[in-house]
Amino acid sequence: MKGLTPSLLALLMLGATRVQATDDPQLAARLQHGEYLARAGDCAACHTAPSGVPFAGGLKMTTPVGAIYSTNITPDKQTGIGEYSLQEFSDALRKGIARNGTRLYPAMPYPSFAKISDGDVRDLYLYFTRHVKPVAQPNKDSDIPWPLNIRWPLAMWNLAFREDGAYRPDTTQSLDWNRGAYLVQGLGHCGSCHTPRGIGFQEKALNQSDDAYLSGGTLEGWHATNLRADAVSGLGKWSTEDITRFLKTGHTPRFAAFGAMVDVVQDSTQSLSDADLRAIAVYLQSLSAANKEKPLTQDGSSAKMLLNGDVSRPGAQTYLDNCAACHRSDGQGYRDTFPQLAHNPALLSDDPSSLIGIILNGSRTPVTVGAPTGLTMPDFGWRLNDEQIAQLATFVRSSWGNDAPAVTAAQVQEIRKSSVSKPTQP
């Protein structure tokens, strides 16, 4: 506690009285920093139910063995974390152990949060316990059936798949690289979505020492894009400016955020400083390619075919009827408006889950200070059957030089089953 003022020390004691941020400049700075860290960690995304009060929990998250619900992390003393000490808060955040000793499910990304520094944990604690409004909302039990809901085996899961200790800077790398690594591996917990999972539902890697790290992962029916240097399915052709702009606005001139990344941009990354966004880009650009991919070529035959009215290929007519107005017959979209489909890495992974989900359920672009568009793509699941969507997705993944595996009706059916039901008519 060296260097802390008396009022700040009082706040860190369990049961301390509330002190306004204006009472102490150092306290005010730490509360402000804690709020910044909460945004960097995107805590609201998981701990806020649809139309719910921020941080009061209740968000349903599906797992292979049943649904779980996020917990209340407001400082309410009965249902939230109001009775947590700093150490208990740290144990929950970094070790996955609640105040009563209960093991938390690893849907809480504590393997990533283990890397958060002591100082940042302290400022997060201050923010959540002394600035966030208390909300009395009881936590929900999981839907996981007995005996799978027994939690003591999670202690062994932690031993096998969690690395202890805060992030340690790599002295061979730059300050930007280390800051980016700290944010991506720790608070940003990017690997939770963008790293493939193993048989124990663990992330197959927690840092860049393994090529599986950030090579793309599928979670809750969405495939999070490869963030490594793969030229086809990853960020190999993205510049530092492309990455920072995407994180700030949800757009590059040709691509746009979709799925869960829309909320990440809106609620988290757009609020980060330009320096931190650049550091993230520097770190991501240092990651080598995960796969040996055949380079894509520029191919105008699909565009020419569509312009000439040739719809002999399966899916071509469906594309013209539903997609070409926004994404154009050449798949180039419209700059800063509708994303291009030609050579779009989000569409070209072996796993087509995200493309199927977008066609079925629609999508929207983020609304940010830097790009307040919020454009919406309509859903087509109500008007296209599984075979039509499979043909459409296959057409998109194999046109304009794209070269990705075909999509089957069975794959579409599987995604449709887990999708939110849509109306059967417009």
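## Conventions and overall form

Helices (H or I, at least four residues) and strands (E, at least two) are DSSP runs, numbered from the N terminus. The model is predicted: local features need pLDDT of at least 70, side-chain atom pairs count only at pLDDT 80 or more, and totals for chains, interfaces and linings use all residues. Residues are numbered from 1 along each chain as its sequence is written, and side-chain values use heavy atoms, with hydrogens and water left out.

The chain contains 18 helices and six strands. Its radius of gyration is 23 Å, close to the 22 Å that the globule rule gives for 426 residues, so the chain is as compact as a globular protein of that length. This radius is taken over C-alpha atoms, and the globule rule is 2.2 Å times the number of residues to the power 0.38. The C-alpha trace spans about 75 × 50 × 40 Å along its principal axes.

## Burial, contacts and charge

Of the 426 residues, 50% count as buried; buried means under 20% relative accessible area, exposed over 50%, and partly exposed in between (1.4 Å probe, protein chains only). Contact means heavy atoms within 4.5 Å. Among contacts with a separation of 6 or more, 62% join residues 24 or more positions apart.

## Annotated domains

The unreviewed UniProt entry lists "domain: Cytochrome c" for residues 29–132, 175–288 and 310–400. UniProt positions are given in the numbering used here, feature names are shortened, and annotations may be inferred rather than shown by experiment.

Residues 175–288 are 41% helix and 5% strand, with end C-alpha atoms 19 Å apart. For residues 310–400, the composition is 35% helix and 4% strand, and the end C-alpha atoms lie 15 Å apart.

## Phe-113 and His-189

Phe-113 belongs to helix H5 (residues 110–113) and is buried, with a relative accessible area of 5%. Leaving aside neighbours within four places in sequence, Phe-113 is in contact with Gly-41, Leu-93, Arg-94, Met-108, Gly-186, Leu-187 and His-189.

His-189, one of these partners, is located in the loop between helix H8 (175–187) and helix H9 (191–194). His-189 is also buried, at 16% relative accessible area. Although His-189 is not a glycine, its phi is positive, about 35°.

## Backbone features in loops

Most residues other than glycine have a negative phi, and most peptide bonds are trans. Ser-51 has a positive phi, near 65°. This residue sits in the loop between helix H3 (43–46) and strand E1 (60–63) and counts as exposed, at 86% relative accessibility.

The peptide bond from Trp-146 to Pro-147 is cis, with omega near 5°. Pro-147 is part of the loop between helix H6 (118–130) and helix H7 (153–161).

## A covered helix

Helix H16 (residues 353–361) is mostly covered, with eight of its nine residues buried. These are Ser-353, Ser-354, Leu-355, Ile-356, Gly-357, Ile-358, Ile-359 and Leu-360.

The cover over these buried residues includes strand E3 (217–219), strand E4 (222–224), strand E5 (363–364) and strand E6 (376–377), together with helix H17 (386–397) and helix H18 (409–418). Gly-362 follows H16 and has a positive phi, near 80°.
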